[in-house]
Amino acid sequence: MKIQKILNILTVLTGAIAVTITSLWIGKQAYFWLPPQAAAESQLIDDLISFLVTLGAFIFFGVTSTLMYSVIFHRAVKDDFTDGPAIHGNVTLEVVWTAIPILLVFWIAGYSYQVYEQMGIQGPAELVHLHNPLAMESVPAKALAEPVEKIDVLAKQWAWVFHYPERDVTSTELHLPSDRRIRLALKSQDVLHGFYIPAFRLKQDIIPNQSIDFEFTPIRPGQYRLTDSQYSGTYFATMQANVVVESPEDYQQWLAQAATQKPSPAKNQAASEYAQTSKQSIKTGWVTVPPAAPTLVNSPG
């Protein structure tokens, strides 16, 4: 009897170790499921996602392994149709399986809030978020000491417009210097929009009649994609823009070159499609909101 009990304990311990190792391995794989980390904040988000995947895998494999163990080692013998023992409940067990999920929820909430605090993505203009962003190991020390690069972002149906006050340059393509703190002033001209760059792991709703400061630090040069994460009308799928992260030297060179360009109407896919639809003799579909007029920009992108 004692030997059987020892074997059962060893079986449970071996299963627990196997489940833990497998869950940790799956959590590490979560990093490869996501786009390249293009901003310092993306590393914090990826760590959080990896933690959630690890925890979810541990719960899934733990429950599945327990069921398999019960089916294999505690199944009724053949032709045994008798009732099982009458069990009226176990208060200790019920308290444990109620307390564990509650503790897990508080753990996840605490970790998520800590990540949000470390990101510090909302600037000091927000009354609900007055703290300064905490220093992150992934951001070079010089990036935290240098001035913040300020850019105005206007969202409208259906286009993104970016204004760089330093050189009074307007563009439909978002250029950013790498390893520099960026502060965007997000505004909406009409309805609710969503500023979302998957490679940065950042998303912020843009509310009409409000200016929202939004901060982050790009760290990986390259070209990425900005999309509208909120449904904003018929042509919202066309509301996308290129995001170019480049060295500070290349960024200043682009600004200087764009400042010499004469403003001209930007290309607008939504306006073009709407114009084609308006010329059709047969009307199909519902009446939609006319797109905003193309903006005059120095650099159309």
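**Close-up views of a predicted protein chain**

**View 1. Ala256 sits in helix H5 (residues 248–259).** Helices (H or I, at least four residues) and strands (E, at least two) are DSSP runs, numbered from the N terminus. This is a predicted model, in which local features need pLDDT of at least 70, side-chain atom pairs count only at pLDDT 80 or more, and totals for chains, interfaces and linings use all residues. Residues are numbered from 1 along each chain as its sequence is written, and side-chain values use heavy atoms, with hydrogens and water left out. Ala256 counts as partly exposed, at 29% relative accessibility. Buried means under 20% relative accessible area, exposed over 50%, and partly exposed in between (1.4 Å probe, protein chains only). Ala256 and Val169 are 87 residues apart in sequence, yet their C-alpha atoms are 8.9 Å apart in space.

**View 2. Helix H1 spans residues 2–29 and packs against a partner.** From first C-alpha to last, the 28 residues of H1 reach 41 Å, close to the 40 Å expected at 1.5 Å a residue. That expected span is 1.5 Å times one less than the number of residues. Which residues of H1 are buried? They are Val19, Ser23, Ile26 and Gly27, and these pack against helix H2 (40–73). Here is a handy rule: an α-helix has 3.6 residues a turn, so residues three or four places apart point the same way.

**View 3. Glu149 lies in strand E1 (residues 149–156).** Is Glu149 buried or exposed? Glu149 counts as buried because its relative accessibility is 6%. Its side chain makes a polar contact with the side chain of Tyr251, at 2.9 Å. A polar contact is a pair of N or O atoms within 3.5 Å; within protein, one must be able to donate a hydrogen and the other to accept it, and residues adjacent in sequence count only if both atoms are side-chain atoms. Leaving aside neighbours within four places in sequence, Glu149 has contacts (heavy atoms within 4.5 Å) that include Glu166, Pro177, Arg180 and Ile182.

**View 4. Strand E8 (residues 212–216) is largely enclosed by the rest of the structure.** The reason is that five of its five residues are buried. In a regular strand the side chains alternate between the two faces of the sheet. On one side of E8 are Ile212, Phe214 and Phe216, and on the other Asp213 and Glu215, all buried. E8 pairs with strand E5 (residues 182–188) in the antiparallel sense over five bridges; two strands pair if DSSP finds at least two bridges between them. Ile182 stands opposite Phe216 in E8.

**View 5. Tyr231 and Phe236 form an edge-to-face pair.** The structure holds 13 aromatic pairs. In this one, the ring centres are 5.0 Å apart and the planes are at 75 degrees, so the pair is edge-to-face. Rings of Phe, Tyr and Trp (its six-membered ring) pair if their centres lie within 6.5 Å; planes under 30 degrees apart count as stacked, over 60 as edge-to-face and the rest as tilted. Tyr231 is exposed at 60% relative accessibility, whereas Phe236 is partly exposed at 25%.

**View 6. Arg201 and Asn209 both have a positive phi.** Arg201, in the loop between strand E6 (193–197) and strand E7 (202–206), has phi near 60 degrees and is buried at 12%. Asn209, in the loop between E7 and E8, has phi near 65 degrees and is exposed at 80%.
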